[in-house]
Each structure stands twice: as C-alpha cells, then as structure tokens.
Amino acid sequence: MWPTRPGEAVSAVRAFVLIAIGTALMTLSAKVNLPLPYVPMTLQTLVVLVIGAGYGWRLGSATMIAYLAEGAVGLPVFAGPVGGIAPLVGPTAGYLYGFVAAAFVTGWLAERGWDRNVMLLFAAMAVGHVVIFIGGFGWLAYGIGLGATKAWAVGVTPFILASVIKNALGAALMPAARRIVDRRG
C-alpha cells in the first residue's frame, strides 16, 4: 500500500510504520465485537484480509505475528479488554493463529494479481476466511475438545454470513484504497 523507495533504512522504517498501523487497526477491529459463546464476532477478519491483500504475504504475515506478540506480552489488543497468553491458548486461539496463515495466503494471492479485480479479490479473501475457519474449527473441535459438531455450530456457522459481507466490503474497499495510494505514489 505504501510505495517503496530505494534504500535499506527507508524500507525498514516503512515496514515498521506499516506494521504499527496494521496492529493498531487489528486492535481497533477487535474492540468492535458481538459477544457470542466461545468466540466473539469482530471486524478482525476483515482487517486481516485487507492487510494481507494490501501489504503482501511477507509484511501481512509479519504484521499478524507482531499483533499476536503484542497480545502475548499483555497488551490489551484482543477482543474485550484482554491481553496475555489466555486468548492464545483458549477458545479463540485457532482463529488468532489462523490470522497469520490467512494474511499469508491472501497476500500471496494478491501479489499474483488477485487484488486487481474485485471478483478475484473476493475469492482471495474467501480463501483467507476458510483458512481462519479451519484454524478456529480445528482448535475448538480438537484443541479444547468440543467435538466437530459443536465446534461447527459455535465456531463456523454463526460467522458465515458475516464473512461473506466482510469479503464484499474488503473487495470493494481495496481498489479504492489502491487508487488513493497510486495517486500519491
């Protein structure tokens, strides 16, 4: 999203600033939530996928790792006023780790041109959502022992419609954001 200029120092500053902006957006998106049993519904998945598409797989993944690290050291970056290790081993853990993989996959697809077409970007974000769901479902079902049926009922089904809406919103917003950045760069 931020045009690059030659020079190692500029690249490091650029990466640091973008990661800081990304983790701040993740924190804000976590605070917009609808409490549900086990896993709250937040705007985080939208932000994860937009960061992946906008930053690419390397910087997008690094941003998600930095976000998890901020939470692990106790900063209240997760849904609710929560930080520390508990969310990283509790019911939300699979989704949180899935954010890294989703940013990677969405960013990888975006770097191959999937971000230049709204329908392809929607598909890339859908793949990212599936990756997050796989992590969350797997952890709920087997990591904390809910079993597949209950994990599906509480960890996937309530989020499907919202994920489609977030994909549409992200796919519509990214081209507009890119046009703004391209005009400035």
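Let me begin with a term: rings of Phe, Tyr and Trp (its six-membered ring) form an aromatic pair if their centres lie within 6.5 Å, with planes under 30 degrees apart counted as stacked, over 60 as edge-to-face and the rest as tilted. The structure before you is a predicted model, in which local features need pLDDT of at least 70, side-chain atom pairs count only at pLDDT 80 or more, and totals for chains, interfaces and linings use all residues. Residues are numbered from 1 along each chain as its sequence is written, and side-chain values use heavy atoms, with hydrogens and water left out.

Helices here are DSSP runs of H or I with at least four residues, numbered from the N terminus, and strands are E runs of at least two. Y67, at 0% relative accessibility, counts as buried, a term for under 20% relative accessible area, with over 50% exposed and partly exposed in between (1.4 Å probe, protein chains only). F78 is likewise buried, at 3%.

I turn to Y95 and F159. Their ring centres are 6.4 Å apart and their planes stand at 50°, so this pair is tilted. Y95 lies in helix 5 and F159 in the loop between helix 7 (148-155) and helix 8, so parts 64 residues apart in sequence are tied together. Y95 is buried at 7% relative accessibility, and F159 is buried at 8%.
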